[in-house]
Amino acid sequence: MKPSGYGLDTTFAALADPTRRAILARLAAGEATVSELAAPFDISQPAISKHLKVLERAGLISRGRDQQRRPRRLEPRPLRAATEWLETYREFWEERYRNLDALLGELQADEGGTQGGGL
Amino acid sequence: MTLHVTTPTDRTIVMSRRFAAPRPLVFDAWTQPELLRRWYGAKGWTLVECEVDLRVDGAWRFVSEGPEGARMGQRGVYREVDPPRRLVFTELFDDQSYPGVALVTHDFVAEKPSATTITSTILYPSPEARDIVLRYPMRRGVAEAYERLDEVLTGTNQKGTS
């Protein structure tokens with residue numbers, strides 16, 4: 001039950017920061033330049049660039065073709081992988097507890113059916 | 001029956017889940033090896049070794065076998081045994097990637113004669129240890145952030161952009 005591979009770790013680390021999540025949410029609405037991305041935040045453009053570098057290294061964003069504007073765009077694939085991984089873990093506990101539901105049901109049915117049966 | 005996961009402090013994870021069974025039975029399911037073997041495995045994992053010395057300072061040991069022969073061992077010592085209300089034990093995985101042991105507390109609350117809620121509090125030796133574990137599964141904030149992001153993604157994919 002450990003995260004497999006370096007990629008997922010990098011994705012989680014990149015997503016741990018609220019500014020970076022906000023950048024991704026903005027990019028989900030369409031590609032944007034660095035200055036467009038910096039506009040809603042009360043932080044400097046170099047600080048935004050640093051966040052963008054982290055996101056880029058994690059494969060969560062890429063740069064568009066336009067050489068002048070260098071717009072950033074969202075790369076949804078690693079995000080999907082991370083979401084799927086989280087879901088897998090949650091399902092693990094849910095499945096385990098569904099097993100317990102079933103067992104508790106059986107045990108109660110046994111108790112009702114046989115007198116003094118014991119385990 | 002929903003599984004709730006929260007992180008009330010930087011060293012803890014709390015999970016809570018309701019079961020349609022009387023409290024003594026739910027407590028037994030967590031403490032009797034013959035019952036544990038019947039439900040503890042999930043997603044291709046099976047509990048193949050299960051030793052329980054159910055008393056304060058008594059040891060427990062679980063070994064699970066998973067897909068492609070993978071093995072996962074965990075062990076600990078019971079700190080508090082108060083059937084059917086409370087069970088407290090230490091937990092250490094054979095190949096865990098952080099130092100120290102976690103302390104697990106299961107509180108069994110009888111909602112009705114036939115309904116029991118288990119609240120499990122896992123206290124990690126350090127915030128770092130908890131964060132290593134949280135990187136795997138259940139940091140609620142992150143999970144929720146993903147969900148929000150997912151909503152944004154699916155919403156805007158359909159709308160397109162101007």
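Residues are numbered from 1 along each chain as its sequence is written, while chains are lettered from A, and ligands numbered from 1, in the order in which they are written. Because the model is predicted, local features need pLDDT of at least 70 and side-chain atom pairs count only at pLDDT 80 or more, whereas totals for chains, interfaces and linings use all residues.

Chain A has 5 helices and 2 strands, where helices (H or I, at least four residues) and strands (E, at least two) are DSSP runs numbered from the N terminus. From the N terminus on, the elements of this chain run α-α-α-α-β-β-α. Of its 119 residues, 23% count as buried; a residue is buried if 20 or more other C-beta atoms lie within 10 Å of its own, exposed if 12 or fewer, and partly exposed in between, with C-beta atoms placed from the backbone. Two residues are in contact if their C-beta atoms, placed in that way, lie within 7 Å, and among contacts in chain A between residues at least 6 apart in sequence, 53% join residues at least 24 apart.

In helix α2 of chain A, which spans residues 18-28, the buried residues are Arg20(A), Ile23(A), Leu24(A), Leu27(A) and Ala28(A). Seen down the axis of α2(A), these buried residues fall within an arc of 145 degrees, so they line one face of the helix; the arc is that of the directions from the helix axis to the C-beta atoms. An α-helix has 3.6 residues a turn, so residues three or four places apart point the same way. The helix α2(A) is followed by Gly30(A), whose phi is positive, near 135 degrees. Ala29(A) lies in the loop between α2 and α3 (34-38) of chain A, and Ala29(A) counts as partly exposed because it has 15 C-beta neighbours inside 10 Å. Although Ala29(A) and Arg73(A) are 44 residues apart in sequence, their C-alpha atoms are 9.5 Å apart in space.

The largest nonpolar core has 16 residues, of which Leu24(A), Leu27(A), Leu55(A), Leu60(A) and Ile61(A) touch the most other members; such a core is a set of buried Ala, Val, Leu, Ile, Met, Phe, Trp, Tyr and Cys residues joined through C-beta atoms within 7 Å. Two or more residues are given to this core by each of α1 (6-15), α2, α3 and α4 (45-57) of chain A, and the largest share, 4 residues, comes from α2(A). A second, separate core of 13 residues includes Phe19(B), Val26(B), Ala29(B) and Ile118(B).

Of the 162 residues of chain B, 19% count as buried. Strand β6 (residues 86-93) and strand β7 (residues 102-112) of chain B pair in the antiparallel sense over 6 bridges, two strands being paired if DSSP finds at least two bridges between them. In this pairing, Thr90(B) stands opposite Leu103(B) of β7(B). The strand β7(B) also pairs in the antiparallel sense with β8 (residues 115-123) of chain B, over 9 bridges, and here Leu103(B) stands opposite Leu123(B) in β8(B). A hairpin joins β7(B) to β8(B) through 2 residues.
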